[in-house]
Amino acid sequence: MSGQTGKWREEQVLVICPGSSTTMAQLGCGELSPPAHRFPTRMFRDEETGQWRPYHTYKRKKAAAVSAPVAEGEQKPEEPKPEGGKKEEDEWEYVEDQDSDEGAVYPIQGGHIVVMEAFLAFLEHVHSSLTTTYHNTPIMLMASPQWTRPDCETLARYIFEKTKTPALCLINSAIATQYGLKWPNMTVVDIGFEKVDVTCIYDSRIVAHRDVGAGWPGNSAEEEREISGGEVFTRRLQQLLKDKMKGFNREMAEQLKKSNICEVLPYAPDKPKLMDLPTEDVPVAVAATTGAAAAAAASGTTTEGPKIVEPVADEPTYDADGNLVDDEGVLDVANIVATGQTREFLAKKEKEKQEKAKKKGKDKEAEANRVMRLPNSKRVKNIFHFEEYVTEEVPIVQPAPPAPAPAPAPAAPATTEAAKDVEMADAPAPSAEGAEKKDQEKKDEAKTEEQKPDASATDDKKPEEKPSEPAPAPTTEAPKAPEPAAAPAPPAPEGPVLTERQTKRIRRDIEVGLERFEFADRAEIDRIVTAIYNAVQSIDDMYMRPPCWESLVFVGNGARIRGLKENILQTLQARHLISPSSATMFTSELPSNIGTPTAGTPGPGALTPIASGPGAQSGSLLQAATTAAANANLNVPGAQGLQGGEGQLGQHHFHSQTPTNIKLAQLPTYLSEWTKNGFEEAMFLGAQVAARMAFCIHNFDAQGLEMQRYMSLSRVDYK
């Protein structure tokens, strides 16, 4: 940082971790949280300008240029003719589709930067998307092991000249993982998109590296290129199901691989496919209830292991003599006798006992017919929920033309009284339904009047007045308005139709068989296992191998496949683990420049080479090794340099065969967000930690400040 240590705050640092498929990025390193942004590592070339765009771009007609629908009877307005300076291209607009990958160019393949121009444009897109200032944002960039020195120099030159960053730090992905998991010695297995990197780290420095599927893809077609990692399992899954399931595409295979029903079964060396696949013979129903299972266990006829039998809550409890016990476990006999209702009490308890026994029998039948919930590894078939987002071009619904005004209603008949005119003008017109209801009530009243026996004999005026009753009805009823004519359908618009893109989610349930286990290609797993073994065993200094074997770390999103890490570890232990008895455990701790001691030589603790040939004396190797360890300062050839220099390193050398112990490294538990997210992206966590050390911490001593200065490259040092 050229003397400007501690200049930047944690929220100013930009962390970028590029990958072949996805790039993780975040502005700020103070929270040590999972990546806030994930960008697809791809770019699109503009056919007209030749420049790079971050999203797929297409042209469509502008909204103003689309002719609106014309109602019937109206004249189409005349379109203004383009003026002299206006071109026809101005009627079109460019639209970015962020989800489409049509025409995408992937600048990183197998860890190698194959299109440097596109990758530089991609870095510029990430930088401009997350930052607003150029001169005050240091950058932490994670580098792949496949990047060459010219690649790093080109990237540094572009970043300093284009983004105007004040400082840049390039960190290896394996070292970034070591920063995140804090262990100084480890073997990092990075299972990526199309490659697998195995890096051995001892004392925070890389001592060995192997990769699988990271060949240069320049001169070969994509289908012929040898790849590894998660993409191999996706293609294998698609190959198994595309013939059995119509329309099964890569997106379905990718979601199925990430689901919880797709897993790699444990390593079974005695099986034909090296995995224990479920069969139809697995029982799917509970054969016995709690009581029957307990009876079978008592008789020794059950094949299940010991298990806890939960008591039934409603089952009555009896003592050793057969007496009913209450809820507290004590039968209150004195209270029962004092009440004088002993027989009634016993009859009641007996009835309750019979009802509960009858109910228990029904529960046994229901439990016997209930299907047992088996784990996924024991099921022949399981259901997979596939979710798909479909984007469609939907025409925009234009507003309907205004409906024609309704015809005025005919005027009501004139009346002689002015008050009635005012009253009818102020009152709202009665609805047709209300008028019909009122008319029906009057008709019912007329019928009741006719059914009266004395009405026609006693009163002569009533029959004359009856016809006059319905007469005023027309004055109160509103005339029925004529039914409006059906609106004519709008004519089809002429020219292009204005559309918009709408996205909807579609969910389907798919039943998958044993293919969800068979996708784990045994040949691919063997390649990864062989790469791990060759990487650790290729370390020149043998004393570095055991720490690397005892701290295996699996990172990369390809390692999220359920059961993959466990299967690789089981395969390593089954094929390459050496027992301590066969690994010469007693001579393994002796320096390489000291001869093997024997007990046949005179004098305690004498060190002489083992005699070979007739008459050679044999002794206890354990006793000789113990005696030699007790006498450390013996005057033997080659032992003068044991106190320092190269002889000091000789104390670490040994002849032990490795590995004698293979296990996973313990992951940190104090970061709750990463515990929930998983440490498959631990390289991003380590990049944040390294960024804080390189750009933000300032309370170092003189030696620490010097190390911090060499940790990054500042703009002053670049110029």
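Helices, taken as H or I runs of at least four residues, and strands, taken as E runs of at least two, are DSSP runs numbered from the N terminus. In this predicted model, the chain contains 23 helices and 21 strands. Of its 719 residues, 33% are buried, and the accessible surface of the chain amounts to about 44900 Å², with 52% of that area belonging to carbon and sulfur atoms. When contacts between residues at least 6 apart in sequence are considered, 73% of them join residues at least 24 apart.

Another open sheet consists of three strands, arranged in the order β5-β4-β8 with antiparallel pairing. Because β5 (52-53) and β8 (104-105) stand at the edges and each has a single partner strand, one side of each is left without a neighbour in the sheet. Strand β4 (residues 43-45) pairs with β8 in the antiparallel sense over two bridges, and Met 43 stands opposite Val 105 in β8. Helix α1 (residues 116-130) lies across β4 and β5 and runs at about 120° to β4.

The axes of helix α3 (residues 173-181) and helix α21 (residues 682-696) come within 6 Å of each other and cross at roughly 80°. Since angles of 65 to 115 degrees count as roughly perpendicular, α3 and α21 are therefore roughly perpendicular to each other. On the side of α3, the contact involves Ser 173, Ala 176, Thr 177, Tyr 179, Gly 180 and Leu 181, whereas α21 contributes Ala 682, Met 683, Leu 685, Gly 686, Ala 687, Val 689, Ala 690 and Met 693. The residues of this contact comprise ten that are nonpolar and four that are polar, with no charged residue.

Notes
Residues are numbered from 1 along each chain as its sequence is written. This is a predicted model: local features need pLDDT of at least 70, side-chain atom pairs count only at pLDDT 80 or more; totals for chains, interfaces and linings use all residues. Side-chain values use heavy atoms; hydrogens and water are left out. Axes are lines fitted to C-alpha atoms, for helices over the stretch in contact, and angles run from 0 to 180 degrees between N-to-C directions. Angles under 35 degrees count as roughly parallel, over 145 as roughly antiparallel, 65 to 115 as roughly perpendicular and the rest as oblique. Contact means heavy atoms within 4.5 Å. Ala, Val, Leu, Ile, Met, Phe, Trp, Tyr, Cys and Pro count as nonpolar, Asp, Glu, Lys and Arg as charged, and the others, Gly among them, as polar. Two strands pair if DSSP finds at least two bridges between them. Buried means under 20% relative accessible area, exposed over 50%, partly exposed in between (1.4 Å probe, protein chains only). Accessible areas come from the Shrake-Rupley method with a 1.4 Å probe; for residues, only the protein chains shown count as cover.
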